[in-house]
Amino acid sequence: MGPNKVPTTFAFHLLPSGLVNPKCVGVIGNGVVIHVPSFFAELDALEAQGLDCTGRVFVSDRAQLVFDFHQIVDGLKEVELGGSSIGTTKKGIGPAYSGKASRSGLRVHHLFDPETFAAKFRRVVEGRFKRYGHFEYDTEGEILRYKALAERLRPYVVDSVVYIHKALSEGKKLLVEGANALMLDIDFGTYPFVTSSATAIGGVCTGLGLPPKSIGTTIGVIKAYTTRVGGGPFPTEQLNDVGVQLQEVGHEYGTTTGRRRRCGWLDLVVLKYSCLINGYDTFNLTKLDVLDGFKEIKIATKYVRDGNELPGFPADLAVLDNVEVDYVTLPGWQTSIASVRSYAELPENCKKYIEFIEQFLGIPIEWIGVGPGRDAMVKKERRIKLQGLGHSANTN
C-alpha cells in the first residue's frame, strides 16, 4: 500500500472475514443461519470495494435459512417481552433457530426442490400467522423470489462436511471463525441475553462437522477491556467518563446494528470462566492502544457477594447483577503504542498490564493488537511464568 493510499475498511456480517486474504477460501458452515438476500448484498458490497471473492466462498447445503418473516417475527417477539427485552438485532436469528430446534425450518438444500420448498414454506408461514396474528407478508411472492435466488446460489453450495474433510486430508490449514463471544453462547452465556447458537469451542464440532480430535490450537481473541451489545448484567460496566472514553476511542459501535457498545474494565472473572470452557492455548489481545490515554487502568479479579468470593461465574443473573467487583489498579502508560511493532518497544507499564493478565489466567498472550490495521500487531514470545507453579513455561 502506497504512503498516500487510504486503507480500505471491510465490514463482515455473514461472510467469513478471512476473505480479505486473496488466498483464503471461506465456507459458511451448517451451524450458521443464512439470509440469502443479505448474503448476496454483502458479497456485492465487498466486490464493489475491490475484493474479488470469485470461487472463494461456499455455503453448506445443511445451513438453515432465515427469511424475512423470521425478521418480522423477531420484532414481534421483542414487543411481547416488553421490559424484559433481550436486545435482539431483529435479523431473524432467534426465530430461525427456533424453527430449526422444532424441526419445522428450511435448509439450503430445500431451495433446489421447488415444489417441496413451496409447500414447506407455506406451512411455516401459516404457522407464524396462527401464532402472531396475520401480519403483512407476500408468501407467494417470496416463493417466486427464492426460486430465482436458488439459481444464483447454486454455484456456491457444497456438502461442507465432504468439502472441509477433503481439505483436511490434503493437509490444508483450517481456521475456524466464530461470530459471537462466549458470553452470548446459548448454554454458557448470560441467558437469556444470548444468541441462539453454540459460540463456545463446541460450536466448532457441531457447526462444521469436525471431530474434537481435529481441533489444534485454540486462540482466544480478547479485547484489552470489556464490551457488550444489548441487555443483561455487566459488572465492570463504566457508566461514566471512562466508559465514554472507551466507546469513543475504541469506536465501539456494533458492526451489524450500529448500536453503541457498553464498555467497562477488563473482567478476568469472565475470562477465567471462558478459559475453563474453551481451553485456550494462547491469546490475541486486541485494541490495547485504546487504553493509551488512561492514567490508571483497572482489572476485575473477583466477584464478591455477602462478603464471600464467588467460586465461578454465576448462572443466576439476579446474583450477577448484585455482585461487588474487586479490582486491581495498574498505572497507565499514557503514550501512543500505535506505531510499535515489537514487544521490547512497548512501555514498561504496558508490558506489566499484559503480563498481569497472563499470570492471572496462566495462558500466554502471543499477539497484541495496537491499532485497527491488519499490520498493527505485535508478536510476543509465548513464555510466561504460570501462576503458582514457580517456573517458566515455554510453549513455542
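1. A word on burial before we start: buried means under 20% relative accessible area, exposed over 50% and partly exposed in between, with a 1.4 Å probe and protein chains only. At 13% relative accessibility, lysine 351 therefore counts as buried. Lysine 351 sits in helix α11; helices (H or I, at least four residues) and strands (E, at least two) are DSSP runs, numbered from the N terminus.

2. Some housekeeping on the source. This is a predicted model, in which local features need pLDDT of at least 70 and side-chain atom pairs count only at pLDDT 80 or more, while totals for chains, interfaces and linings use all residues. Residues are numbered from 1 along each chain as its sequence is written, and side-chain values use heavy atoms, with hydrogens and water left out.

3. What does lysine 351 touch, not counting residues up to four places away in sequence? The residues are Tyr343, Ala344 and Leu346, where contact means heavy atoms within 4.5 Å. Glycine 362 follows α11, with a positive phi near 70°.

4. Helix α1 (residues 36–48) passes the length check too: its 13 residues should span 18 Å, and its end C-alpha atoms are 18 Å apart. Its buried residues are Val36, Pro37, Phe39, Phe40, Glu42, Leu43 and Leu46. The cover over them includes β1, β2 (33–34), β3, β4 (64–65) and α5. Just after α1, glycine 50 takes a positive phi of about 100°.

5. Please look at the packing of α4 (residues 114–132) on α5 (residues 139–153): the angle is about 145° and the axes are 10 Å apart. Axes here are lines fitted to C-alpha atoms, for helices over the stretch in contact, and angles run from 0 to 180 degrees between N-to-C directions. On the α4 side the contact is made by Phe117, Ala118, Phe121, Arg122, Val125 and Phe129, and on the α5 side by Thr139, Glu140, Glu142, Ile143 and Tyr146.

6. Now the open sheet: 3 strands are arranged in the order β1-β3-β5, with parallel pairing. Because β1 (26–28) and β5 (157–158) stand at the edges with a single partner strand each, one side of each is left without a neighbour in the sheet. Two strands pair if DSSP finds at least two bridges between them, and β3 (residues 57–60) is joined to β5 by 2 bridges. Serine 60 has valine 158 as its bridge partner in β5.

7. Strand β11 (residues 296–305) deserves a look. With β9 (residues 266–267) it pairs in the parallel sense over 2 bridges, and aspartate 267 has alanine 300 as its partner. With β13 (residues 324–331), β11 runs antiparallel over 8 bridges; lysine 298 is partnered there by threonine 329. β11 and β12 form a hairpin with 2 residues between them, and aspartate 306 in the turn has a positive phi of about 55°.

8. Lastly, is threonine 206 buried or exposed? Threonine 206 is exposed, with a relative accessible area of 58%, and lies in helix α7 (residues 202–208). Its C-alpha atom is separated by 8.3 Å from that of asparagine 30, 176 residues apart along the chain.

Note on methods. Expected span 1.5 Å × (residues − 1).
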